[in-house]
Amino acid sequence: VVVAMGLAIVFTLSAEWIAGVVSQRFSGSQVQASDDIRKDQIYALADEWDRAPIIGKGFGAYAPNLIRDAGSPYSYEVQWMGFLTKLGVVGILILVGSAFAFLIYILNGAISVERWSLALLYMAFILGGLTNQYLVNSASGAFYGVIYVLIATLPGRAAKLSGRLG
């Protein structure tokens, strides 16, 4: 009850700010230009994916007709389309299956605020990667590792883990 009341107060106090952020994202002056860049990236990556749709073109693949950054030509804001180009349908199915299995792993066990909070954080991070190349990169592997460690230390999970190790 205290947590729910605290969240309600925080939400009430930040509602105007959240509305402003949402409004700026969907009706700001730079929205059309930003969306056009993502559309161009999707078309360019789809053209590359057409060349190897089943197994992809491998890590490091990029669309030579649309390079965002010469230092990282394989980095796009539409990172999941980039993954499709790199991994193909087979690789994406394995990636999505692994992400889903990890979500099930997070939720497996007694219902708790901690478990559901970590699951929501994990899902938000995955969904954020749809439009932000920095949320799905090698540095974010540390984030996934932290979630794994936190889940492993939840009551009940730690006992199972220590039983396997000991």
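**Exercise 1. The chain as a whole**

What share of the contacts in the protein chain with a separation of 6 or more is accounted for by residues 24 or more positions apart? Describe also the helices and the burial of the chain.

*Solution.* This is a predicted model, in which local features need pLDDT of at least 70 and side-chain atom pairs count only at pLDDT 80 or more, while totals for chains, interfaces and linings use all residues. Residues are numbered from 1 along each chain as its sequence is written, and side-chain values use heavy atoms, with hydrogens and water left out.

Step 1: with a contact taken as heavy atoms within 4.5 Å, residues 24 or more positions apart account for 56% of the contacts with a separation of 6 or more.

Step 2: the protein chain has six helices and zero strands, where helices (H or I, at least four residues) and strands (E, at least two) are DSSP runs numbered from the N terminus.

Step 3: of the 166 residues in the protein chain, 28% are buried, a word that stands for under 20% relative accessible area, with exposed over 50% and partly exposed in between (1.4 Å probe, protein chains only).

**Exercise 2. The aromatic pairs**

Work out how many aromatic pairs there are, and describe the pair of Trp80 and Phe83 and the pair of Phe102 and Tyr122.

*Solution.* Step 1: rings of Phe, Tyr and Trp (its six-membered ring) pair if their centres lie within 6.5 Å, and planes under 30 degrees apart count as stacked, over 60 as edge-to-face and the rest as tilted; by this rule there are three aromatic pairs.

Step 1: Trp80 and Phe83 form an edge-to-face pair, 5.2 Å centre to centre with 70 degrees between the planes. Both lie in helix α3 (residues 79-107), three residues apart, about one turn of the helix. Trp80 is buried at a relative accessible area of 19%, and Phe83 is buried at 11%.

Step 2: Phe102 and Tyr122 also form an edge-to-face pair, 5.1 Å centre to centre with 70 degrees between the planes. Phe102 lies in helix α3 and Tyr122 in helix α4 (residues 113-128), so this pair ties together parts that are 20 residues apart in sequence. Both Phe102 and Tyr122 are buried, and together with Tyr105 they form one aromatic cluster.

**Exercise 3. The salt bridges of Glu48**

Step 1: the side chain of Glu48 meets that of Arg51 in a salt bridge (2.4 Å, N to O), and the side chain of Lys57 meets that of Glu48 in a salt bridge (2.4 Å, N to O).

Step 2: Glu48 is buried, with a relative accessible area of 5%, whereas Arg51 is exposed at 60% and Lys57 is partly exposed at 38%.

Note on methods. Salt bridge = Lys/Arg side-chain N within 4 Å of Asp/Glu carboxyl O.
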